[in-house]
Amino acid sequence: MQADVVVLGAGMIGVSTALQLQRRGRNVVLVDRRAPGEETSYGNAGLIQREAVEPYPFPHDSRMIFKVARKGGIDVNYHPSALPHLASPLAQYWWWSSPSRYAQVAREYSRLIAHCLSEHDSLIEEAGAGALVRKSGWRTAYRSQEALEKGLANAERLAQEYGVEHAPVSGDELARLEPGLTQRLAGAVHWTQPWSVRDPGALVASYASLFQARGGAFVSGDAATLERHGAGWRVTTSEGPVEAAEAVVALGPWSDELLRRFGYHLPLFVKRGYHRHYDMPTPLSMAMLDAENGIMLAPMNRGLRITTGAEFARLDARATPLQSSKAERVARELLAIGDAVEQTPWLGARPCTPDMKPVIGPAPKHAGLWFHFGHAHQGFTLGPASGRLLAEMMCGETPYIEPAPYSAKRF
């Protein structure tokens with residue numbers, strides 16, 4: 001099979017890349033070992049987060065670091081055996097999270113986030129996927145008045161610095177809007193711009209179906225077979241070898257393993273995360289973050305999805321769903337939740353970089369090889385916007401966002 005471009009990885013990032021290249025007349029083959037949207041893109045809170053203009057930094061507060069070290073919260077867990085392997089990227093993550101450096105990171109990161117809704121919107125319409133999407137935002141809820149006041153102050157700052165829109169919600173109003181709450185909370189911040197998706201994997205699948213309906217090919221294959229072939233690239237698939245002039249690595253947390261074969265040693269690491277669905281007699285009207293505990297409560301087609309924060313571990317380490325159990329316990333303090341839908345929690349991994357920005361652009365040492373990974377918590381949000389930037393670079397167009405901050409050369 002011949003193509004102009006082979007895209008490796010059929011998550012939100014890979015599928016969006018394939019669509020954006022297809023829009024520009026490129027013949028694209030999309031390759032993955034599983035069906036589109038069944039890996040990392042499946043297991044998120046289903047939010048297209050226009051408000052997420054600042055990525056998650058490494059804490060510099062000594063109290064918070066001590067809390068994480070003793071595993072005193074729900075939002076962060078770690079495997080001690082993984083720390084030697086993670087020491088270097090985490091040290092760099094801490095360095096980039098210092099206030100002066102983080103300010104520049106956030107400015108560069110926010111330029112992509114600013115386009116997430118418009119780029120998703122056109123694909124949602126073209127794919128006929130509007131039934132999956134609600135454009136009503138989501139809430140960060142606070143149990144204490146002190147935490148609420150800090151949250152509102154931060155929301156005001158984001159409004160002034162980035163134009164992020166929000167509305168304060170009192171405790172009484174929140175109780176009226178969410179009759180399923182069994183405990184009165186201090187209040188919430190309603191992020192009014194974001195969109196929510198009731199089945200994230202289904203949205204990715206709908207984008208992939210659009211790609212195929214327009215003549216694109218999706219084939220099952222192993223990205224690890226990627227090799228140089230003449231002046232281009234070749235990968236082995238179930239339908240035989242696919243040969244293309246250019247290749248895009250959009251493998252999320254598996255990108256690092258492939259790239260090491262080609263001599264690239266980028267400081268990549270993963271944050272693992274868990275979720276589980278539960279029956280709920282009175283569903284939430286929109287997704288809600290329990291701010292003090294760092295758990296997201298997201299209504300999905302399968303039930304209430306309770307997601308956890310970050311687990312620092314090796315990608316292939318055994319599942320340790322301690323956070324998921326704790327998350328269920330604190331969620332039951334707020335809501336009348338029924339039985340779990342799945343027998344065990346789902347586990348996935350977010351692909352991360354120390355400076356919290358994705359890697360988008362050409363491979364420094366190989367012509368025709370392109371990188372597109374490292375979106376951490378926001379791959380689902382950023383796929384179409386990030387895919388547009390890469391497609392413009394590959395097709396010789398003037399990039400709509402300055403691409404230098406996302407280049408692999410920064411490492």
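In what order do the 3 strands of the open sheet lie? Before selecting them, note that this is a predicted model, in which local features need pLDDT of at least 70 and side-chain atom pairs count only at pLDDT 80 or more, while totals for chains, interfaces and linings use all residues. Residues are numbered from 1 along each chain as its sequence is written, and side-chain values use heavy atoms, with hydrogens and water left out.

Select β3, β9 and β5: the strands form the open sheet in the order β3-β9-β5, with antiparallel pairing (strands are DSSP runs of E, at least two residues, and helices runs of H or I, at least four, numbered from the N terminus; two strands pair if DSSP finds at least two bridges between them). The edges are β3 (47-48) and β5 (133-134), each pairing on one side only. Between β3 and β9 (residues 195-197) there are 2 bridges, and Leu 47 stands opposite Ser 196 in β9.

Next, show helix α5 (residues 116-127), which packs on the sheet and touches β3, β5 and β9 (contact means heavy atoms within 4.5 Å).

Then colour the largest nonpolar core, which has 78 residues, Val 7, Leu 112, Tyr 207 and Phe 312 being among those with the most contacts inside it (a core is a set of buried Ala, Val, Leu, Ile, Met, Phe, Trp, Tyr and Cys residues joined through side-chain atoms within 4.5 Å; buried means under 20% relative accessible area with a 1.4 Å probe, protein chains only). Helix α11 (residues 379-394) gives the most to this core, with 7 residues.

Finally, centre on Tyr 207, whose contacts, leaving aside neighbours within four places in sequence, include Met 12, His 120, Ile 124 and Pro 384.

Note on methods
Buried means under 20% relative accessible area, exposed over 50%, partly exposed in between (1.4 Å probe, protein chains only). Axes are lines fitted to C-alpha atoms, for helices over the stretch in contact, and angles run from 0 to 180 degrees between N-to-C directions.
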